[in-house]
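Thanks for coming. I will go through a few computed features of one model, and here it is on the screen.

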Amino acid sequence: MGKKTEIGKMEAVIEAILFTMGESVELKKIAAAIEHDEATTRKIIHRLQDKYEAEDRGLRIIELEDSFQLCTKREMYDYLIRIAKQPKKCVLTDVLLETLSIIAYRQPMTKLEIEKIRGVKSDHAVNKLVEYNLACEVGRLDAPGRPILFGTTEEFLRRFSIQSIEDLPSMQPEQVETFKEEAEEEVQLKLNV
């Protein structure tokens, strides 16, 4: 491998390290990773910095004492803000819809209560619903450990075009009976497995 190829390889490794870490990385750690001394590593990083500037890239490498960090150039902030302002598309999977409906109909309730109904851990689902602003903390249960109580949000009402929780469709008694039968069958199948 020629010297130019080796330096290019080291630049690529350093770039990957700085990109992956996302925060400043000490020079000595970078040097250890590429198996070179600190002075040589610093020269390679400075060469990489010059390349970013010469090619007018959207990124730059900054030096913070004896550390380096890959950052966005200031000139790019306006473009990043445009992307950040775009609303996140929240995808409601069957699991999220199931969890959300449990919260909506039985609120306020704890994760443990949700898990008892669903029969599985619900941390991820509840966290996603909070992230999507469809569920939120509405208080704490007056019990040991003071577990968080969850309820639906104003955004939930907006998304599902209802004015209040009272406007949620009510289930017909025969639907409730069907759901109970299905749940019992499911429990029996699990017990027989």
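I start with a definition: buried means under 20% relative accessible area, exposed means over 50%, and partly exposed lies in between, with a 1.4 Å probe and protein chains only. By that scale Y77 is partly exposed, because its relative accessible area is 42%.

A word on the source. This is a predicted model, where local features need pLDDT of at least 70 and side-chain atom pairs count only at pLDDT 80 or more, while totals for chains, interfaces and linings use all residues. Residues are numbered from 1 along each chain as its sequence is written, and side-chain values use heavy atoms, with hydrogens and water left out.

Back to Y77. Y77 sits in helix α4, residues 77-85; helices are DSSP runs of H or I with at least four residues, numbered from the N terminus. G58 is 19 residues away along the chain, and the C-alpha atoms of Y77 and G58 are 9.8 Å apart.

Next, the aromatic rings. How many aromatic pairs does the structure hold? There is one. In it, the ring centres of F156 and F160 are 5.0 Å apart and the planes are at 40°, so the pair is tilted. For pairing, ring centres of Phe, Tyr and Trp (its six-membered ring) must lie within 6.5 Å; planes under 30 degrees apart count as stacked, over 60 as edge-to-face, and the rest as tilted. F156 is buried, at a relative accessible area of 3%, whereas F160 is partly exposed, at 35%.

Technical notes
Helix = DSSP H or I, 4+ residues; strand = E, 2+ residues; numbered from the N terminus.
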